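Please look over the following note with the model open beside it.

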Amino acid sequence: MAGSKSRKELLESSQLPSDWKIALEELPAMLELAQSFGLNVGGAYQRIDIDANPVSYIVVAADPKILSLHQWAFPIVGKAPYKGFRYESHAEAERRRMELKGWVADSYPVSAFSSLGWFPETLPGGLLYASETYRARVIFHELVHRTIFYPGRADLNESLANYLGDELARKWFITRDGLESPSLKQLNKEIEDSAQLREYLHQLIQNWSPETLNADI
């Protein structure tokens, strides 16, 4: 937040990439749409973090015998199947610690975050480099987290944010371009691809057994 800039500052810059300019010009209308559907926009995304690097890194760990995810416990938010770190080196240290305890673990970059309404989040600069469909899905997804949160229910929170975020992204492109929008068609394809991937992974889990742990898939 300390290194962020206001939308106005960036739009007045002569060095601003054209893609950034379009994204920043559209941002207030996106936030207004989200607010019209009851999302808690508050002071979110009034400033932009111009760093293109990931905003954080998360560590996920699973029991290799039964595929159950490790649950970290936190104040206020309760249990969650991931742990976040600002710096990659810290996430890697946690990943190694979990592996030494016998868990299968990995770390992943995170492109956006939500303070659950506690703070006015900055818009991650990496989203300004992303496609407009991905950017819309992420912005609405994170605004859902600002509005609806069930402590200790990461599965429910993410499912709600995925579904409502995608539906609001659809509303955004319909409002902006109409039902024949190429962006809407691209968005629908991405949502369909995500659904097929979830179904594929679900089938893998359903058919999984300890004997298949080292089998080629």
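1. Helix α6 passes α7 in a left-handed crossing, where left-handed says that the near helix is turned anticlockwise from the far one by less than a right angle, and right-handed that it is turned clockwise. The axes of α6 (residues 154–177) and α7 (residues 182–206) come within 9 Å and cross at roughly 165°, which makes α6 roughly antiparallel to α7 (under 35 degrees counts as roughly parallel, over 145 as roughly antiparallel, 65 to 115 as roughly perpendicular and the rest as oblique). Axes here are lines fitted to C-alpha atoms, for helices over the stretch in contact, with angles from 0 to 180 degrees between N-to-C directions; helices (H or I, at least four residues) are DSSP runs numbered from the N terminus.

2. This is a predicted model, in which local features need pLDDT of at least 70 and side-chain atom pairs count only at pLDDT 80 or more, while totals for chains, interfaces and linings use all residues. Residues are numbered from 1 along each chain as its sequence is written, and side-chain values use heavy atoms, with hydrogens and water left out.

3. In the contact of α6 with α7 (heavy atoms within 4.5 Å), α6 contributes Asp166, Ala169, Arg170, Phe173, Ile174, Arg176 and Asp177, and α7 contributes Ser183, Leu184, Leu187, Asn188 and Ile191. By class, this contact has six nonpolar, two polar and four charged residues, with Ala, Val, Leu, Ile, Met, Phe, Trp, Tyr, Cys and Pro taken as nonpolar, Asp, Glu, Lys and Arg as charged, and the others, Gly among them, as polar.

4. The axes of α5 and α6 come within 7 Å and cross at roughly 130°, which makes α5 oblique to α6. This crossing is right-handed, and the contact of α5 with α6 has ten nonpolar, six polar and five charged residues.

5. Helix α5 also passes α7 in a right-handed crossing, the two axes coming within 9 Å and crossing at roughly 65°. The contact is made by Glu132, Thr133, Tyr134 and Arg137 of α5 together with Ser183, Gln186, Leu187, Glu190, Ile191 and Ser194 of α7, and these divide into three nonpolar, four polar and three charged residues.

6. A search of the whole structure finds one cavity of 30 Å³ or more, a cavity being a set of points on a 1 Å grid over the protein atoms alone where a 1.4 Å probe fits but cannot get out, with lining residues having an atom within 4 Å of a point. Grid points are joined across faces, edges and corners, and the volume is the space filled by probe spheres set on the points. The lining of the largest cavity consists of Glu26, Met30, Glu132, Arg135, Ala136 and Trp172, and α5 gives the most to it, with three residues.

Technical notes:
On a 1 Å grid over the protein atoms alone, a cavity is a set of points where a 1.4 Å probe fits but cannot get out, and a pocket is an open set with protein on both sides within 12 Å along at least five of seven lines; lining residues have an atom within 4 Å of a point. Helices (H or I, at least four residues) and strands (E, at least two) are DSSP runs, numbered from the N terminus.
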